[in-house]
Amino acid sequence: MSSMENSDEAGLTVSSMIKEIQGLKDKFKDEDDEMPSPFQDLEKATVLQECRCFNQAEVVTQNPRRCATLITKLLHIVTQGESLTSTEVTEVFFGVTKLFQSQDPYLRRMMYLFIKEVAETCNPDDVIIVTSSLTKDMNSSDDLYRANSIRVLARIIDSQMLGAIERYVKQAIVDRNSLVASSALVSGMFLMQVSPEVVRRWVNEVQEAVQSSSDMVQYHALCLLYQIKKNDRLAVSKMVTQLTRSSMSSPLGVCLLIRYISRILTDDLSAANMRTVMQFLELSLRHRSEIVIYEAAKAICALPDLENRDINPAVTVLQLFLSSPKATLRYAAMKCLSDVAMRQPAAIVKCNDDMEALISDSNRSIATLAITTLLKTGNEGSVDRLMKQISSFMTEIADEYKIVVVQAIRQLCLKYPQKHRVLVGFLASTLREEGGFDFKKSITDAIVDLIHTIPETKESSLFHLCEFIEDCEFTALSTQILHLIGSLGPKTLAPARYIRFIYNRVILENAVVRAAAISALARFAIEVAAIRHSVCVLLRRSLLDEDDEVRDRATIALNLLDSLPPVELNEDGEVVQGDGSGGASVLVEPLPMSFSALDRAVKLYASRGGTGDEQPMTLAALPVVEDTPVPAHASSKPGTQPGAVRTMATPASAASGGAASAAGGEAADPAAAVYAVPELAQLGRVFRSSAPVELTESETEYVVRCVKHIMDDYVVLQFDVTNTIAEQRLEEVTVGLEGNEPELYGDEEALSVPCATLVYSTPGSCFVALARNTEVPVVPAIFSCELKFRVVEVDPSTGEVEGDEEGFAENYPLEDLEILPADFMAKVSLGDFRRAWDQMGDEGEVEEKFALAVKKVEDAVANTIDLLGMQPCERSEVVASKKGSHNLYLSGKFVGNVPVLARCMLQMDGSSQLILRINVRSQDKGVSQNIADCIR
């Protein structure tokens with residue numbers, strides 16, 4: 001009975017809502033009926049027919065309002081996207097020109113507007129007819145006609161006809177009427193795009209207009225004057241200096257001047273006139289106009305490399321704006337202070353009290369900015385108070401504002417890790433509230449990032465995430481969190497506590513989440529032997545799941561777990577036998593490469609004929625695919641490697657390294673050109689290919705760049721040559737080399753494959769193969785290069801030979817080419833660094849210590865990565881700010897598919913000398929020593 005009553009109540013509620021909505025609909029419909037649009041359901045043919053009345057003189061002179069209404073209808077049709085044919089445009093255009101007979105100012109303004117809109121689609125010959133009428137208006141005594149006719153003429157006239165009206169426009173610029181002068185100046189800004197050389201002749205008149213008593217004229221004159229001089233940096237600087245010494249009355253003009261000053265100072269803070277313009281900016285902070293005060297404060301705060309005391313006057317002004325009754329001023333001040341807080345949070349600490357008052361501002365944008373700025377500037381003691389204020393605030397703002405707050409809280413937690421309990425707890429409570437996917441994902445990503453950055457948050461954060469997935473409606477977030485729990489949960493103090501949360505997902509969720517939960521349970525069973533039996537019982541319940549993926553995962557996991565030795569526990573429940581993952585570790589250890597890299601490697605393996613040699617396709621047999629994509633142009637400086645490295649240990653040890661990936665983001669084989677040449681294909685498989693190295697400037701007669709293909713016993717140099725001379729055809733193109741390491745690469749090249757013919761603007765490739773002595777350690781080598789070819793002169797239009805068909809021999813010097821140890825190292829990840837380091841063992845380990853010439857840890861990290869040419873692991877390439885020590889972990893594969901790991905410890909000693917301790921491990925101690933010697 002009660003259920004029937006409830007259903008009746010629900011039905012009544014729904015029906016009443018429908019009636020209310022229908023009533024509102026009828027109400028709005030009635031309002032629309034009362035005020036119909038005069039331009040609704042216009043037909044082009046009808047309007048064009050009505051416009052024929054433009055040819056009747058009595059209608060034009062006696063009923064101008066009717067003509068103006070017709071022009072309005074025409075404009076409505078055009079602006080709604082309905083196009084007029086050329087015949088229709090010409091007919092209407094001629095009709096409108098006859099409206100010049102009327103002296104009605106409203107009709108005349110509508111005519112000007114229509115001519116501007118339609119003139120661009122009209123025949124240029126027809127435009128000439130209206131030009132004479134507009135020129136007549138430009139010389140009339142009516143200022144309204146003069147101003148508007150100038151603006152219309154600027155829109156429809158071309159560069160050839162501009163000379164005929166140039167004299168009138170120059171006079172109008174200095175006209176006493178501000179409307180006429182401003183119209184001429186605005187027209188000049190438009191004409192700068194058409195005939196800049198003509199407008200530049202008006203500079204004297206424009207400079208005179210800058211001194212006008214009209215604010216509007218001053219503003220427009222300054223705009224045009226800057227456009228005239230913007231390509232001359234010295235002239236702009238001089239103009240700005242002169243105007244700072246004058247007194248401009250226009251607030252908008254002063255704002256524009258401040259922006260020009262800001263551009264100059266941003267480009268060059270050491271400018272000779274810096275003191276003058278800085279004084280002007282500080283003086284503008286006391287201007288009578290609020291917009292000028294804000295613009296000056298914003299410009300000062302945006303200048304780079306200023307100390308806190310330099311921006312203090314601007315911050316003081318912005319602090320006053322925070323208490324303004326105008327919401328626009330409060331928002332502008334908060335936005336500027338928020339930008340300052342990103343760079344110099346200490347400079348705006350004095351505004352904290354005023355910003356806290358804005359947390360309850362009715363404008364949610366202002367309140368959000370206040371919160372996020374306070375989170376950047378607040379100290380450790382104010383965190384608790386801020387969190388209490390934000391708690392009530394978060395329920396009142398939209399998701400996009402909440403995301404900004406979450407990001408600010410994440411930064412605050414990184415700044416004060418001791419407060420992680422309060423901040424992570426706040427994020428967790430916010431995660432359980434209502435919100436969209438982007439908002440929930442931002443919180444999840446923030447918590448995950450804090451887990452990796454602040455290890456103390458792992459236990460509590462994982463538990464918070466477990467509670468969240470109990471009621472999570474987003475599949476992507478559930479699977480992400482389950483993967484995280486499966487990765488980190490087994491290593492916690494009480495891993496069994498997470499099993500309940502994971503198994504709940506197997507019972508209650510969709511197939512995608514169930515599959516992720518099965519994988520997480522399998523990881524627990526493998527890594528935590530004490531609960532293996534219990535987890536296997538849970539996994540067996542999924543063998544009859546309705547989804548194939550879930551069943552397959554459960555089957556694979558159970559088969560691998562059954563292959564493990566039985567687990568024996570003592571009286572305390574501790575494992576005494578069977579603690580090990582054995583073959584089941586395949587479910588725990590990640591692939592040695594990403595899925596995208598595996599996909600590219602398999603495609604390269606197939607394209608190189610690897611599937612036809614009857615050998616099993618293993619991970620070790622796949623071609624090396626690097627993690628970093630190849631840039632389109634590796635270096636702007638000829639002859640150098642990408643990421644050229646600065647001096648490390650000694651000035652004489654400067655080298656270049658860090659060859660980038662060969663595979664890039666696509667599956668295209670970078671060594672395809674090598675395999676296409678039979679002589680080179682016989683040399684073996686290419687281990688890796690470097691990024692292109694420019695050996696000439698891009699503007700020279702012959703553009704040459706080199707790609708280094710590294711093989712086990714050879715280095716094949718691919719020279720891509722482009723002939724930029726249309727009158728020449730190059731034949732038998734090759735490159736001669738002379739190196740400084742004959743012991744490593746021999747005295748002569750092992751093989752040279754010339755490019756037979758090279759025509760204009762069509763790139764061609766020639767190859768040089770160098771035999772490498774594998775018994776000699778790889779050291780930096782420099783090769784002097786010379787392009788050799790025969791020149792045959794041809795007709796550029798037909799390509800036929802002119803003169804001697806044999807041509808003549810020619811040599812063209814190129815930049816030196818470096819082959820570095822980093823070229824022999826592929827940037828690949830070897831999985832979990834710590835596990836790989838332990839598994840590698842210390843038999844092939846080499847340890848070295850260096851005193852570095854650089855002073856900053858960040859520079860030392862970047863240089864070490866470049867010199868070794870290896871892939872950073874575990875985000876160790878990121879250096880914490882103002883930190884005097886850092887650990888850098890690198891991985892890669894040396895030529896011959898030799899895995900290499902390097903652990904670099906950087907630390908400042910007592911004398912401010914940066915010390916590098918590097919440990920290199922590989923299966924070959926000679927390779928380890930070779931890599932360590934790269935720092936020299």
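## Basis of the values

The model is predicted: local features require pLDDT of at least 70 and side-chain atom pairs count only at pLDDT 80 or more, while totals for chains, interfaces and linings use all residues. Residues are numbered from 1 along each chain as its sequence is written, and side-chain values use heavy atoms, with hydrogens and water left out.

## Overall make-up

The protein chain contains 38 helices and 19 strands, taken as DSSP runs numbered from the N terminus (helices: H or I, at least four residues; strands: E, at least two). Of its 936 residues, 48% are buried, where buried means under 20% relative accessible area (1.4 Å probe, protein chains only).

The chain exposes about 46,100 Å², and 50% of this comes from carbon and sulfur atoms; accessible areas follow the Shrake-Rupley method with a 1.4 Å probe, and for residues only the protein chains shown count as cover. Among contacts (heavy atoms within 4.5 Å) between residues at least 6 apart in sequence, 65% join residues at least 24 apart.

## Cysteines

The whole structure has 0 disulfides, a disulfide being a pair of cysteine sulfur atoms within 2.5 Å. For C351, the nearest cysteine sulfur belongs to C301 and lies 9.4 Å away. C351 is buried at 0% relative accessible area, and C472 is also buried, at 8%.

## Surroundings of T444

T444 lies in helix α25, which spans residues 437-453, and is buried with a relative accessible area of 0%. Leaving aside residues up to four places away in sequence, T444 touches L431, L465, F468, L477, Q480 and I481. T444 and F468 are 24 residues apart along the chain, with their C-alpha atoms separated by 9.6 Å.

How values were computed. Buried means under 20% relative accessible area, exposed over 50%, partly exposed in between (1.4 Å probe, protein chains only).
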